[in-house]
Amino acid sequence: MEKIQNVLMKYLMPIANKLEQQKHIQAIKDGIVASIPIIIVGSFCTIFLGIANLLGSGPVYDFLNANMGVLTYASAFTNDMLAVYATYFIAKTLSEKYDLKGSQPAVTALVVFFILCAVVKDGQLSTSYLGSTGLFTGIVAALFTVEIYHICYERKWYIKMPESVPPMVQDMFAALVPLVLNTIIAVAIANLSLTFGKVAFPQK
């Protein structure tokens with residue numbers, strides 16, 4: 001057993017260390033970790049469901065059952081929207097690793113995510129993929145969006161304003177080109193998926 005452990009340490013540990021230092025994997029890890037407090041808060045709501053199922057009957061059960069909508073209300077905005085928060089945190093983390101200023105890359109990642117996931121059905125916006133079912137799409141959206149920003153800024157594909165313009169306005173105009181590119185690509189992917197695959201992108 002000790003020999004096996006030594007072999008694993010010798011060959012697998014260097015690979016694990018390299019993976020740990022990879023920016024995208026770090027961003028995914030840190031983004032998910034940042035989402036844990038939201039998951040914990042949302043999980044508290046399930047405690048009331050568990051207690052009610054455990055009791056089965058009685059005054060406490062009746063009270064919980066009558067107020068379950070209120071007691072579990074926060075769940076719809078925490079765990080049921082987990083992919084939204086994870087997308088933002090992953091994009092924010094990766095943009096910081098690339099030294100991209102501001103929160104625009106992370107917000108754009110949300111725009112891309114919503115385009116891919118928030119399908120319109122019968123004039124209504126479906127939120128079926130904003131929770132854990134859309135988490136993989138959120139990861140892809142976050143990484144892809146920030147990479148587009150990184151390429152645009154690295155190659156100076158952005159609108160540059162005069163030095164006299166306030167920094168906030170400069171950053172706003174600089175974000176326009178990568179925002180437009182990300183939006184166009186996301187719309188194209190979403191519509192190709194719906195047209196040829198007959199399903200939303202997260203179902204692929």
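1. Aromatic pairs come first. This predicted model has 5 of them. Rings of Phe, Tyr and Trp (its six-membered ring) pair if their centres lie within 6.5 Å; planes under 30 degrees apart are stacked, over 60 edge-to-face, and the rest tilted. Phe113 and Phe114 make a tilted pair, with 5.8 Å between centres and 55° between planes. Phe113 is buried at 0% relative accessible area, whereas Phe114 is partly exposed at 33%. Buried means under 20%, exposed over 50%, and partly exposed in between (1.4 Å probe, protein chains only).

2. Now the tyrosines. Tyr153 and Tyr158 are tilted too, because their ring centres are 5.3 Å apart and their planes stand at 35°. Tyr153 is partly exposed at 27%. Tyr158 is partly exposed, also with 27%. Ring pairs join Tyr149, Tyr153 and Tyr158 into a cluster.

3. Next, the surface. A nonpolar patch covers about 750 Å², and its residues include Val33, Ile36, Phe44 and Val60. Patch residues have over 30% relative accessible area and no salt bridge, and nonpolar side chains are joined within 5 Å. A salt bridge puts a side-chain nitrogen of Lys or Arg within 4 Å of a carboxyl oxygen of Asp or Glu. Helix α2 (residues 23–55) gives the largest share, 8 residues. Helices are DSSP runs (H or I) of at least four residues, numbered from the N terminus. Ile36 lies in helix α2 and is partly exposed at 39%.

4. Last, confidence. pLDDT is the predictor's confidence per residue, from 0 to 100. The chain averages 87, and 93% of residues score at least 70. Helix α1 (residues 2–21) has the lowest mean among the elements, 68. Where pLDDT is low, the predicted coordinates should not be read in detail.

5. Ground rules. Residues are numbered from 1 along each chain, and side-chain values use heavy atoms, without hydrogens or water. Local features need pLDDT of at least 70, side-chain atom pairs 80 or more, while totals for chains, interfaces and linings use all residues.

Definitions and conventions
Patches are made of residues with over 30% relative accessible area and no salt bridge: like charges are joined within 9 Å, nonpolar side chains (Val, Leu, Ile, Met, Phe, Trp, Tyr) within 5 Å. Accessible areas come from the Shrake-Rupley method with a 1.4 Å probe; for residues, only the protein chains shown count as cover. Helices (H or I, at least four residues) and strands (E, at least two) are DSSP runs, numbered from the N terminus.
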